Amino acid sequence: MAVVSIRGPKGSGKSSFCATWRPGEARNWFDIEAGAIRIHQPPENLVLWKPSDEEGGGQALLDTLSNVRLGRVFGYDVLWNLVHRQYLKVIQEPAPIIVFDTWKMVWTYNTMAHLSSLQIGKSDKDMRKSLMPRDYGSPNSRMDGIIMAAHAFSKDLILISHERPVYITGLDENGNVKEMPHPTLTEPDSYKHTPGFADWEFRSLYHKIKPEEKCPVCSEDKQKECPRYHFSIEIEKSPVGAHLVGTIFYDVDYEQLMTAIKLMNGGSTHG
């Protein structure tokens, strides 16, 4: 089994790539952010699940829109319980692959459900309006539990996330010290401890080439046939060798990626 974390901007092919993971194998797909509708070639053995398909799920999603009255949150406890209940169900099924699309929304349901529990019995004036650092122990344990259960049941767990800038300490134009986004570095916009659990980490990007530009990906004799766009997968963490980190592959699916890794790793995809 493997824990796979993939991040990238919206529309960068994350879901489409993950749909090719171990082709032929069944997969339970938690389609929490509608990423599955953008899969280029959905596999036949993909079983989609959405919170809105469950009794009470659609109303809970509507209730989250009511998060406007003095910071009191609604609906997230129901959504977290639905996700948790479905996970306990599918992890005991034969399908060897479980996908969370996106992992950020699982984290949001989890933390907001915990905040909701802290608001119970409190007046609008006295209730907690956000979580404090000491409050994250329980939500962190829940996320860790999802990952560790995948290990225990020998599942491939694929965690899809968008990305956000990495913030660093720097000086502004007036020479004042402040936190600011790094101009190039990004990280998964989801549960912050995920990289520590991941066996594989990938970053996906979408590259659009202008008509007047020479495509840097296509060979000289293929320039006229270039579709003027490409998807890339960069390895950011590898269980089979640090020498693979930073390697970028273009327009590959799972099998093509693993074939390339074998060639680069002496014929093996094992460490």
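Before I look at bridge partners, a reminder to myself: two strands pair if DSSP finds at least two bridges between them. I also note that this is a predicted model.

**Entry: β1 beside β5**

I started with strand β1, residues 3–7, and strand β5, residues 156–161. The two run parallel, and 5 bridges join them. I looked up individual partners next. Ile6 has Ile160 as its bridge partner in β5, and Val3 stands opposite Leu157 of that strand.

**Entry: β4 beside β5**

Then I checked β4 against β5. I found 5 bridges here, with the pairing in the parallel sense. Which residue of β5 is the bridge partner of Val99? I found Ile158.

**Entry: is β5 buried or exposed?**

I went through β5 residue by residue. I count a residue as buried when its relative accessible area is under 20%. By that cut-off 6 of the 6 residues of β5 are buried, so the strand is largely enclosed by the rest of the structure. I also noted the side-chain directions: Asp156, Ile158 and Ile160 point one way, while Leu157, Leu159 and Ser161 point the other.

**Entry: helices on the sheet**

**Entry: α2 against α3**

Next I looked at helix α2 (residues 57–64), which packs with α3 at an angle of about 140°. Their axes are 8 Å apart. Why do I call α2 oblique to α3? Angles over 145 degrees would count as roughly antiparallel and 65 to 115 as roughly perpendicular, and the rest, from which roughly parallel is also set apart, are oblique. That makes α2 oblique to α3. The crossing is left-handed. On the α2 side I listed Gly57, Ala60, Leu61 and Thr64, and on the α3 side Tyr76, Val78, Leu79 and Leu82. These contact residues divide into 6 nonpolar, 2 polar and no charged.

I checked some backbone angles. The peptide bond from Asp101 to Thr102 is cis, with omega near 10°. I placed Thr102 in the loop between β4 and α4.

Arg22 has phi near 45°, a positive value in a residue other than glycine. I found Arg22 in the loop between α1 (14–18) and β2, and with 24% relative accessibility it counts as partly exposed.

For Asp251, phi is near 55°, again a positive value in a residue other than glycine. Asp251 lies in the loop between β10 and α7 (254–264). I have it as partly exposed, with a relative accessible area of 39%.

**Entry: Gly170**

Last, I looked up Gly170, which is in strand β6 (residues 163–171). Gly170 counts as buried, at 16% relative accessibility. Leaving out residues up to four places away in sequence, I see Gly170 touching Asn176, Val177, Lys178 and Met180.

Terms used: Residues numbered from 1 in each chain as written. Predicted model: local features only at pLDDT ≥ 70, side-chain atom pairs only at ≥ 80, totals over all residues. Heavy atoms only, no water. Helix = DSSP H or I, 4+ residues; strand = E, 2+ residues; numbered from the N terminus. Buried < 20%, exposed > 50% of the residue type's maximum accessible area, 1.4 Å probe, protein only. Contact = heavy atoms within 4.5 Å. Axes fitted to C-alpha atoms, helices over the stretch in contact; angles between N-to-C directions. Parallel < 35°, antiparallel > 145°, perpendicular 65-115°, else oblique. Left-handed = near helix turned anticlockwise from the far one by under 90°. Nonpolar A, V, L, I, M, F, W, Y, C, P; charged D, E, K, R; others polar.
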